[in-house]
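I opened my notebook to look through a new structure, one topic at a time. Here is what I wrote down as I went.

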Amino acid sequence: MPFICFNQHGEITFISRKAKHLLGESLQVLPDCIDSGSFPKMQPYLKPFQGDTSLEVNMRGKDKLFLLCDVHLSWENKIATIIFIPKDEKMQVLEEKLVALKQRLASTDFELFEKKEALELAVKELNALSGPFLPISDKMAFVPLFGDITEEKMETITHHVLDAVNEGEYDEILFDLSATGNIEKQGLLKLKQLFSMIQYMNGNQVKLMGVKPSHARKLNEFAGDFNIQSERSLKAVLKKSRP
Amino acid sequence: MPRTKGGKLARFFLDGDAAGAISFIREQPSQEWIYLYQDLFTEAMYEIGALWERNEISVADEHLATGVCDYVMSRLFQLPENKEADKRAMFLCLEGEQHYLGLKMVNHLFEERGWETKYFGSSLPLEYAYATANKWQPDVIGLSVSIVYHLPQLKKYVEQLAVLPHRPVILVGGRLAGQYDLVQYTSGKCTVLNNLIQMEYWLKTFSDERISSSR
Ligand code: B12
């Protein structure tokens with residue numbers, strides 16, 4: 001049994017062999033082997049009393065700062081004996097697992113958060129790539145749209161298209177819908193806004209091509225007043241501009 | 001039957017009754033987070049510490065209560081989509097320190113007041129803290145410490161983080177903040193805040209100074 005004895009002044013008078021093994025050799029007073037946070041809990045029992053008491057207390061281990069123990073304390077002839085039994089290792093292991101789990105949860109949470117941020121950035125980049133601004137000549141530019149026409153994507157595209165229009169002097173800007181899939185209403189409205197902004201900037205209507213029958217229906221449904229010129233193909237336009 | 005609100009909440013935590021805890025909190029006349037955290041959650045956890053000292057519960061019970069408390073906080077604290085934040089703060093516990101609940105509250109309150117934050121919770125080694133802070137450049141780094149043996153670490157953390165090139169403000173809180181003169185201990189390189197009311201006051205002064213210096 002690991003046990004120690006102490007007197008009314010808190011001076012340690014005896015340390016059992018097992019106790020030395022757990023707590024170290026050179027203990028002189030109680031604070032040497034009881035954690036400061038556990039001291040108040042022990043306080044009422046540090047003067048002689050009848051009977052005995054059992055408490056959960058953090059001892060200060062030789063190689064463990066906190067050695068959680070079940071402590072049994074009793075007084076006899078002005079000497080107290082503390083028998084202490086370190087808490088089940090199993091419980092320690094469980095505790096450690098719990099902590100590890102919590103930490104994992106927290107870090108996964110954080111990683112997920114960072115992944116989400118990275119993903120959002122990637123989507124933005126992808127969106128920008130889904131509507132590249134391609135100058136064909138000094139006067140003419142071509143913007144093929146890829147994938148679904150969504151609000152988010154159109155916003156990203158609006159950004160760089162307007163920048164490019166602003167920098168150049170393009171009279172004719174062609175948008176191509178051949179490679180697009182689903183058209184969302186909000187996406188189309190954004191696209192329409194972009195077209196009118198371009199018209200304010202260069203004075204010319206945007207030309208739209210690659211309009212499939214399904215697109216035409218959506219254009220009508222979502223934006224009946226969609227005021228654009230449409231062209232059959234890039235080839236036709238190029239032919240017209242360079243006779 | 002516990003008489004204080006903190007005591008009642010502690011009961012729910014110890015019974016593992018998250019649903020009970022949630023409705024108890026929802027019933028409170030004030031739903032302000034700073035008040036809920038200071039007067040209910042913190043009090044409940046302190047009460048749990050007192051119950052342990054009175055030998056009425058064990059450390060195993062504290063673990064359960066901590067889990068429930070954390071869950072309830074995470075469930076109830078939801079922020080509307082973040083507006084553009086212009087102030088950054090990161091929060092961490094010193095290496096080895098597992099008492100993170102207080103820090104989590106502080107992190108929530110900063111977020112609620114429009115800060116962008118990174119919250120690392122318990123036990124973040126100094127090298128990581130330093131590297132992240134150097135890269136992300138937070139205006140404020142908040143440290144939390146509860147265990148006495150971690151005080152020497154605190155000195156190291158404060159000394160290293162305070163001299164980062166962008167000179168962040170180092171805030172220190174936690175159980176020990178009110179018990180020792182940590183400012184002197186860290187050679188005056190940090191600001192010590194004992195509780196959430198002090199934190200709120202500090203935040204207000206910080207923003208006021210910001211506004212007047214940007215004019
Ligand atoms: C609950 C609890 C736990 C929980 C953890 C809770 C958590 N995740 O935070 C669990 C069960 C996991 C735990 C584990 C342990 N604990 Co413990 N624990 C407690 C207890 C009962 C309450 C702590 C708490 O949650 N307080 C509530 C929070 C909200 O308060 P707070 O941290 O002070 O934070 C407030 C302010 O300080 C401030 N704040 C905090 N951080 C910051 C940061 C900034 C920047 C700012 C501005 C403000 C701020 O905001 C908060 C809001 O009010 C205390 C008892 C006590 N009297 O404190 C013991 C206590 C802290 N634990 C203790 C011990 C010994 C342990 C263990 C070794 C287990 C054991 N054998 O007893 C392990 C050690 C784990 C580790 N390595 O860190 C001792 C420490 C003794 C010492 N010598 O230092 C205490 C004092 C108990 C005791 N009397 O012995 N513990």
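This is a predicted model: local features need pLDDT of at least 70, side-chain atom pairs count only at pLDDT 80 or more; totals for chains, interfaces and linings use all residues.

How many residues of chain B are in contact with chain A, and how many of chain A with chain B? I looked up the contact and found 11 residues of chain B touching 13 residues of chain A. On the chain B side, helix α4 (residues 59-76) gives the largest share, with three residues. I sorted that side of chain B by class and got four nonpolar, six polar and one charged.

**Entry: the domains of chain B**

Next I looked at how chain B is divided. I noted domain 1 (5-76) and domain 2 (88-214). Taken over C-alpha atoms, the centres of these two domains of chain B are 24 Å apart. The domains do touch: 10 residues of domain 1 of chain B are in contact with 10 residues of domain 2 of chain B. On the domain 1 side, α3 (33-53) and α4 of chain B are the elements that give two or more residues. Of the elements there, α3(B) gives the most, with six residues. By class, I wrote down seven nonpolar, two polar and one charged for this side of domain 1 of chain B.

**Entry: the sheet**

Then I traced the strands. Five of them form an open sheet in chain B, in the order β2-β1-β3-β4-β5, and the pairing is parallel. Val172(B) has Val192(B) in β5(B) as its bridge partner. Helix α6(B) packs on this sheet, touching β1 (88-93), β2 and β3 (140-144) of chain B. The direction of α6(B) makes about 175° with that of β1(B).

**Entry: two helices**

I stayed with α6 (residues 126-136) of chain B, which packs against α7 (residues 151-162) of chain B at an angle of about 20°, with the axes 10 Å apart. The two helices, α6(B) and α7(B), are therefore roughly parallel to each other. I also noted that α6(B) passes α7(B) in a right-handed crossing. From α6(B), the contact uses Leu126(B), Ala129(B), Tyr130(B) and Ala133(B). From α7(B) come Lys156(B), Tyr157(B), Gln160(B) and Leu161(B). By class, this contact has six nonpolar, one polar and one charged residues.

Definitions and conventions: Residues are numbered from 1 along each chain as its sequence is written. Chains are lettered from A and ligands numbered from 1 in the order in which they are written. Two residues are in contact if their C-beta atoms, placed from the backbone, lie within 7 Å. Helices (H or I, at least four residues) and strands (E, at least two) are DSSP runs, numbered from the N terminus. Ala, Val, Leu, Ile, Met, Phe, Trp, Tyr, Cys and Pro count as nonpolar, Asp, Glu, Lys and Arg as charged, and the others, Gly among them, as polar. Axes are lines fitted to C-alpha atoms, for helices over the stretch in contact, and angles run from 0 to 180 degrees between N-to-C directions. Angles under 35 degrees count as roughly parallel, over 145 as roughly antiparallel, 65 to 115 as roughly perpendicular and the rest as oblique. A crossing is left-handed if the near helix is turned anticlockwise from the far one by less than a right angle, and right-handed if clockwise. Domain bounds come from an automatic or database domain assignment. Two strands pair if DSSP finds at least two bridges between them.
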